Amino acid sequence: NLALLSINSIQRTLTDPDPETRSLSLKALSDIKIPSLYPVVLHSLKKPITDVSPLVRASVATALLKLYREQGNELRDEVLTLLKDLLADANPQVVSSAVILLKEAFPTSLELLHGHFRRYCDILPQMNDWSQSYLIELLIKYCKTFLPRPMVIDACNNSQSLQLPDNYNEIPFPVYDVEFHPDLKLFLCSINALVYSQNPMVVVSISKALFQLTPPQTFKDSKIAHALVRLITATKNQEIKCVILQSILLYSSMDPTLFLPFVKKFYLLPSDSLPLAVNKLKTISVLVNETNCKPIVSELKYYIKTSTNPKIVLESVNTLGVCAQLSDGWSFHIMKWLLSHVESPTSQSSAVMDS
């Protein structure tokens, strides 16, 4: 009963002249964690969905997401009805919040994007960073589900063409042209403007879109490789760096030439966490070749001699093993160095190599 009185008090502020007050009222209502009152809270969200302030309408989407997380399928139909109105809103701020609700609550309901696809591509740069990442992920699935794949045309023989294959390196033509569906082309143009976003997850999402929806040459010609490498030094969060490096490792395994010019960016730093260091070493093992092997081997020797972490030493030894496979000369050199290092070891690295 006391909670119900509180709701009545908060509901009265939903008509306050100040939109920030109305928005805070919605947040307060959605934070009431009493299941029996959820229908009352949901009813209170229906009128503000037509509020004149975009801030208030965006707050409705956030409040609906909180309710859905608490009640799930019990409120599914009501939340879905309100979500459709929010997705049709003309304001990018409201659409930003609606997209988060869609991604979190109804990630497989891609049909809700029908009629909005082109408009969303146009307003994508105007949305907030996290919503951009969410929307790009949704639009990737939408393109793969509802749009035809690009057509790859042999540049030497225009009569030969095929749809973009599932696997990255299955295009049989050494030189080719590409024809994109107009809607897919619109989406790709819209994300190209965000390649140098300050939000790392936006850039990672863009890389996924280019990797999954375009042929290798288009992916390679884009600026996404440079953008991903830039984030490794620009981002301080170690977990986000690991996500970026995992993406780089995947793309490098498909085409090592993408990140060959940036191999020094993957050298270890004293501030690197263990998962970050391991991912860097795995990336180096993919990028190493006869041309860059000498400086990389020197770096790896340094890690083995100086690192106090046995996992970093072990991964460095494994990467040295990859270098040894490049030629008989490197194999002999590395084996000789490892044997000499075992004979006069440091405490940490010798224990690893002995094992």
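The model is predicted.

Start with the empty space. Rolling a probe the size of a water molecule over the atoms shows where such space is left. The largest pocket holds about 370 Å³. Its lining is made up of 18 residues. Nearest the centre of this pocket lie Leu-164, Pro-165, Asp-166, Gln-212 and Leu-213. Two elements, α8 (129–146) and α10 (200–213), each give two or more residues to the lining. Helix α10 gives the most, with three residues. By residue class, the lining of the largest pocket splits into 12 nonpolar, three polar and three charged.

Now turn to the second largest pocket. The volume here is about 300 Å³. Helix α15 (residues 293–306) supplies the largest share of the lining, three residues. Among the lining residues are Leu-268, Leu-269, Pro-270, Asp-272 and Ala-277. Tyr-302, Tyr-303 and Thr-306 also line this pocket. So do Ser-307, Thr-308, Asn-309 and Ile-312. Seven of the residues lining the second largest pocket are nonpolar, four are polar and one is charged.

Next come the cysteines. A disulfide is a covalent bond between the sulfur atoms of two cysteines. The count of disulfides in this model is zero. Take Cys-143, whose nearest cysteine sulfur belongs to Cys-121 and is 7.0 Å away. The cut-off for a disulfide is 2.5 Å between the sulfur atoms, so Cys-143 is in no disulfide. Cys-143 counts as buried because its relative accessible area is 4%, against a limit of under 20%. Cys-242 is buried as well, with a relative accessible area of 10%.

Finally, look at Arg-22. This residue lies in helix α2 (residues 19–30). Is Arg-22 buried or exposed? Its relative accessible area is 9%, so Arg-22 is buried. Asn-91 is 69 residues from Arg-22 along the chain. The C-alpha atoms of Arg-22 and Asn-91 are separated by 18 Å.

Note on methods. Residues numbered from 1 in each chain as written. Predicted model: local features only at pLDDT ≥ 70, side-chain atom pairs only at ≥ 80, totals over all residues. Heavy atoms only, no water. 1 Å grid on protein atoms, 1.4 Å probe; cavity = no way out; pocket = protein on both sides within 12 Å on 5 of 7 lines; lining within 4 Å. Points joined across faces, edges and corners; volume = space filled by probe spheres on them. Helix = DSSP H or I, 4+ residues; strand = E, 2+ residues; numbered from the N terminus. Nonpolar A, V, L, I, M, F, W, Y, C, P; charged D, E, K, R; others polar. Buried < 20%, exposed > 50% of the residue type's maximum accessible area, 1.4 Å probe, protein only.
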